[in-house]
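Here is a short briefing to read alongside the sequence and the 3D view. Take a look at the structure first, then follow the topics one by one.

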Amino acid sequence: MFKSDLYRYYGAKKVPLRDRIFPPPQLKYLRVLRKAQYYRTRNKLFYFYYVCRLIFLSRFTYIQIPIPTKIGLGLYIGHYGPIIINPKAVLGKNINIAVGVTIGQENRGKRVGAPVIGDNVWIGSNAVIVGNIAIGNDVLIAPNSYVNFDVPDHSVVIGNPGKIIPKEKATDGYVNNRII
């Protein structure tokens with residue numbers, strides 16, 4: 001799974017030498033997260049080791065993605081910085097997440113639960129996505145948007161409160177190096 005994340009970053013199977021020696025912090029975090037998810041049911045000793053590394057990296061990068069979170073192939077985190085994702089959230093493949101994003105749950109009301117996010121979704125800086133909602137495929141969520149409602153496929157969400165604008169190929173030029 002981590003190879004698909006690498007492909008999203010570099011668009012090729014070969015990683016530049018500079019990034020093999022000094023990988024970006026968010027890429028280190030993703031590698032350790034994927035390994036912890038892999039060893040969770042396979043080897044308790046390795047799992048414990050990667051959990052400890054993940055805690056350390058979380059304090060360094062301010063990224064908080066719990067191990068139980070279901071994440072598809074090709075997660076791309078643009079920069080390290082505050083990113084918080086609920087463990088009950090489900091993320092599809094080819095997701096781009098920017099700095100300051102919160103994907104959380106609602107604890108009361110008609111949307112109790114966490115979001116389910118489709119494939120090929122770009123989430124801008126400081127966007128907040130909360131509640132038991134479904135975000136469709138090929139959706140662009142603009143920076144500083146607040147989303148607590150279902151979003152159909154091929155849409156752009158702008159503003160607080162969010163406004164849906166239908167648009168074909170909404171993420172072209174935003175979600176690059178897609179995993180098919």
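**A first tour of the protein**

Lys169 sits in the segment that follows strand S15; strands such as this one (E, at least two residues) and helices (H or I, at least four) are DSSP runs, numbered from the N terminus. You are looking at a predicted model, where local features need pLDDT of at least 70 and side-chain atom pairs count only at pLDDT 80 or more, while totals for chains, interfaces and linings use all residues. Residue numbers start from 1 along each chain as its sequence is written, and side-chain values use heavy atoms, leaving out hydrogens and water.

- Most residues other than glycine have a negative phi, and most peptide bonds are trans.
- Lys169 is not a glycine, yet its phi is positive, at about 50°.
- With 57% relative accessibility, Lys169 counts as exposed (over 50%; buried means under 20%, and partly exposed lies in between, with a 1.4 Å probe and protein chains only).
- Asp138, also not a glycine, has a positive phi of about 55°, and its place is the loop between S11 and strand S12 (139-141).
- Is Asp138 buried or exposed? Asp138 is buried, as its relative accessible area is 8%.
- A cis peptide bond runs from Asn160 to Pro161, with omega near 5°.
- Pro161 belongs to the loop between strand S14 (155-158) and strand S15 (163-166).

**Overall build**

- The protein has 4 helices and 15 strands.
- Its radius of gyration is 16 Å, close to the 16 Å that the globule rule gives for 180 residues, so the protein is as compact as a globular protein of that length. This radius is taken over C-alpha atoms, and the rule is 2.2 Å times the number of residues to the power 0.38.
- The C-alpha trace spans about 45 × 35 × 25 Å along its principal axes.
- Of the 180 residues, 47% are buried.

**A parallel sheet**

- Strands of a sheet pair through backbone hydrogen bonds, either parallel or antiparallel.
- Here, 4 strands make an open sheet with parallel pairing, in the order S2-S5-S8-S11; two strands pair if DSSP finds at least two bridges between them.
- Strand S2 (70-71) and strand S11 (134-135) are at the edges with a single partner strand each, so one side of each has no neighbour in the sheet.
- S2 pairs with strand S5 (residues 90-91) in the parallel sense over 2 bridges.
- Lys70 has Val90 as its bridge partner in S5.
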